[in-house]
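Please look over the sequence and the structure before reading on.

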Amino acid sequence: MKATKLFALLALLCASIAFSACSKDESDSIVGTWRFNDSNVILYWDNDVYNAKEEGDVEMLDDFNRTYRGLFFTFNGGKLIATMNGQTGSAGSYTISGDKITIKDGSSVLPMTYKVYGNKLDLLFNRSSMEMFMGALPNELYMFDEVEFILTFNKVD
């Protein structure tokens, strides 16, 4: 009886070690090169929400889509390389904690939320992080309580 319990315990221990050895770190899912594909803007004010994509606001989204059409991000081992229209920018770094990613480029620190699903990557910027990313925003975006920007990328490799 003791041998059976001991054998069962050892089998369970071996199985759990095998599964944990095979499990992939969540941060590994972002590794690779990603090409900008699409955007969305969500506006919040006085308990109301306006989702540009759901509302079919092509005019608002076209500006963002044109701006980032040639943007590529390559994430690998904590290093980040951004390429825009074939021009490679400076190399930065990134750290991941849960669903949060922080990108650092020199003294700039850009916190955001990320989600990888299949071959797609969403980067969610709040108003402050989007200002750091793209500079001044259109004035009308400052009249809302909060603004979220979602940039969607497709995996290239």
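**Aromatic contacts in a predicted model**

F144 is buried, as its relative accessible area is 14% (buried means under 20%, exposed over 50% and partly exposed in between, with a 1.4 Å probe and protein chains only). The model is predicted, so local features need pLDDT of at least 70 and side-chain atom pairs count only at pLDDT 80 or more, whereas totals for chains, interfaces and linings use all residues. Residues are numbered from 1 along each chain as its sequence is written, and side-chain values use heavy atoms, with hydrogens and water left out.

**Ring pairs**
- There are 7 aromatic pairs, where rings of Phe, Tyr and Trp (its six-membered ring) pair if their centres lie within 6.5 Å, and planes under 30 degrees apart count as stacked, over 60 as edge-to-face and the rest as tilted.
- W45 and F144 form an edge-to-face pair, because their ring centres are 5.4 Å apart and their planes are at 65°.
- W45 lies in strand β1 and F144 in the loop between α4 (127–134) and β9 (146–155), so this pair ties together parts 99 residues apart in sequence; helices (H or I, at least four residues) and strands (E, at least two) are DSSP runs, numbered from the N terminus.
- W45 is partly exposed, with a relative accessible area of 29%.

**The cluster**
- F73 and F75 also pair edge-to-face, at 5.9 Å centre to centre and 70° between the planes, and both residues are buried.
- Ring pairs join F36, Y68, F73, F75, Y94 and F153 into a cluster.

**D28**
- D28 is found in the loop between α1 (2–22) and β1 (32–45), and its relative accessibility of 33% makes D28 partly exposed.
- The C-alpha atoms of D28 and F75 are separated by 9.3 Å, although these residues are 47 residues apart along the chain.
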